[in-house]
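Morning, everyone. Please have the sequence and the 3D view ready, and follow along as I name residues.

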There are 4 protein chains.
Amino acid sequence: MSKIIIGVMGPGELATPIDLDYAEQLGKLIAENNWVLLTGGRNVGVMNAASLGAKSAGGLTVGILPDRTTARMSEFVDLAILTDLGNARNNINVLSATVIVACGMGAGTASEIALALKQPKKVILLNADPVSQQFFCNLSPENLVIANDPQNAIAQIRAILKQ
Amino acid sequence: MSKIIIGVMGPGELATPIDLDYAEQLGKLIAENNWVLLTGGRNVGVMNAASLGAKSAGGLTVGILPDRTTARMSEFVDLAILTDLGNARNNINVLSATVIVACGMGAGTASEIALALKQPKKVILLNADPVSQQFFCNLSPENLVIANDPQNAIAQIRAILKQ
Amino acid sequence: MSKIIIGVMGPGELATPIDLDYAEQLGKLIAENNWVLLTGGRNVGVMNAASLGAKSAGGLTVGILPDRTTARMSEFVDLAILTDLGNARNNINVLSATVIVACGMGAGTASEIALALKQPKKVILLNADPVSQQFFCNLSPENLVIANDPQNAIAQIRAILKQ
Amino acid sequence: MSKIIIGVMGPGELATPIDLDYAEQLGKLIAENNWVLLTGGRNVGVMNAASLGAKSAGGLTVGILPDRTTARMSEFVDLAILTDLGNARNNINVLSATVIVACGMGAGTASEIALALKQPKKVILLNADPVSQQFFCNLSPENLVIANDPQNAIAQIRAILKQ
């Protein structure tokens, strides 16, 4: 049986300090639960922070990169999947993760949440503003979960995996 | 010089009667302006209605299909681009259109708007609810345009093409 | 009913003078038959020559570009499909064309022929060396056709379209 | 630093008994060298046999699936990357592997070899007939390596990794 993969999506260059802090905590907690972390693999923002967090706890990290080389890859990615698909790779992130946590918000992150809800696949929103919460809740109330902090997001993942 | 392509995105099976009416009008007006219509190419919803509208005015229609066959293709598509990419084809829709009109709302449409704003590329929202308008305006206020009806959307396209 | 699309694939920078001459003739003949020409869309080699030929006869040309911009696009492309997929776009070329003509040989062209035979889809080899002919014939003898010159390739396309 | 990934490509349903035997040996040897095995992830042919071999030696296996679900996945895949890209995923296989071994021959395998040589990336041919060897050697002599058996392929991988 293949391993459980948890996707953590979020802004790159535009991530806020709280996004980064939460992403690092998420990565660490995901590793401690023996789940594999999947991100977009770049060396910035939530992708980098989550990968760093997972590696700090001895976890395994997968990066689904938009590029054909590792030039912009996070140093905390164990397995680099080089897609050369640009943003079309966002759909692979969503399909390959069993559960998705969106940490923060931005245009790329929004595309991933929307693609996930279309599958449909469960998405946990962390550190999202009320308008974003309302927008995605309107799109697919049955697949959207709001988490208050990384610990709560992990509890929600556990609940979803038990379903 | 290659032709000007206007993308019309919107819900498939879940399109509302107003979405369909507006999409058909949009398709007709796009053809009358001698622009090429690009849609997701399927035989339902906004994709089908816009293609029908464009053909009724003698326009040229391109369908970027998620599939590897034409089984689910709108009969009003002139040029079928078969991608077999599933929803990853949404990014091609966005990149290939000079301007994008989102007519109605849904998870797939939301992914296309978000991918467009990320480029960044101008997106005109038509028949979107206030929460959707606010959400995408927060993501990229400088690239988002609200239109009141198909005629207004066409006027906005003309303004954008002049920039 | 959607239009008949003929794909012409072949080397870019490494195209030989005969490849280019044949590609231009092919493009012209495809347009004269009222078929739409599909190529990889770049401004070099067989893609460019075939598109030039088709435009010289008033045809319609589609370019499926590997890029997200038109910077490397042939000026003879009417409809630019911007994929940002790199070489993964080769599969779209193959799926979207009803029949494929490979004019000349190279690594990219070989990938397209192989992907086409896998569908399976008919491929006409033009100006291919004997080893290439033998290799692809071994892969899928029932889908491979050898043409001696552009006129013969067009005759073969007509025969395939009648099947 | 990310892990070294070795790609093993080869026929699915049409794999020969020797292809399967070699693929299983390759998978085992790759795992014993502490490299990660990457395949197309399906539950048939070379993909399945190589994954089985790697798991028998305690290795880590990645499967880059053409599908959006795990229905056709090899049970020996640890990390399932679900692309929903059909054969367009072949380019991801090629880009993500540091070295590629093609074990046996078929249309899909040929597309992967051609895409790899186009990068360019080193490809080791195992159990390929003389026409296939000649064809790919003509395409890119400096990137093509012929191996006589799985042990020799591993020796060639080691030599390439030292470059």
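Let's start with one residue. B:Thr39 counts as buried, because its relative accessibility is 0%. The cut-offs are these: buried means under 20% relative accessible area, exposed means over 50%, and partly exposed is in between, with a 1.4 Å probe and protein chains only. Where does B:Thr39 sit? It is in strand β2 of chain B, residues 36-39. Helices (H or I, at least four residues) and strands (E, at least two) are DSSP runs, numbered from the N terminus. Leave out residues up to four places away in sequence, and B:Thr39 touches B:Val8, B:Met47, B:Ala50, B:Ser51, B:Val62, B:Gly63 and B:Ile64. Contact here means heavy atoms within 4.5 Å.

Some ground rules. This is a predicted model, where local features need pLDDT of at least 70 and side-chain atom pairs count only at pLDDT 80 or more, while totals for chains, interfaces and linings use all residues. Residues are numbered from 1 along each chain as its sequence is written, chains are lettered from A and ligands numbered from 1 in the order in which they are written, and side-chain values use heavy atoms, with hydrogens and water left out.

Next, salt bridges. A salt bridge is a side-chain nitrogen of Lys or Arg within 4 Å of a carboxyl oxygen of Asp or Glu. How many does the whole structure have over all chains? The search finds 16.

Take B:Glu13 and B:Arg42. Their closest N and O atoms are 2.5 Å apart. B:Glu13 lies in the loop between β1 (5-9) and α1 (17-32) of chain B, and B:Arg42 in the loop between β2 and α2 (45-56), so the pair ties together parts 29 residues apart in sequence. B:Glu13 is exposed, at 56%. B:Arg42 is buried, at 11%.

Now look at B:Lys28 and B:Glu32. Their side chains meet in a salt bridge, 2.9 Å from N to O. Both lie in helix α1 of chain B, four residues apart, about one turn of the helix. B:Lys28 is partly exposed at 39%, and B:Glu32 is partly exposed at 44%.

Over in chain A, A:Asp67 and A:Arg72 form a salt bridge at 2.8 Å, N to O. A:Asp67 is buried at 16%. A:Arg72 is partly exposed at 37%.

On to chains A and D. On each side, 24 residues are in contact with the other chain. Together they bury about 2000 Å², 63% of it on carbon and sulfur atoms. Buried area is the accessible area (1.4 Å probe) that two parts lose on being put together, summed over both. In chain A, A:Leu79, A:Ile81 and A:Leu95 lose the most area to chain D, together 25% of what that side buries.

Last, symmetry. Chain A can be laid on chain B with an RMSD of 0.0 Å, by a turn of 180° and a shift of 0.0 Å along the axis. The two copies are therefore related as by a two-fold rotation axis. The superposition is by least squares on the C-alpha atoms of residues with pLDDT of at least 70 in both copies. Which residue of chain A comes closest to the rotation axis? A:Ser111, with its C-alpha at 2.1 Å.
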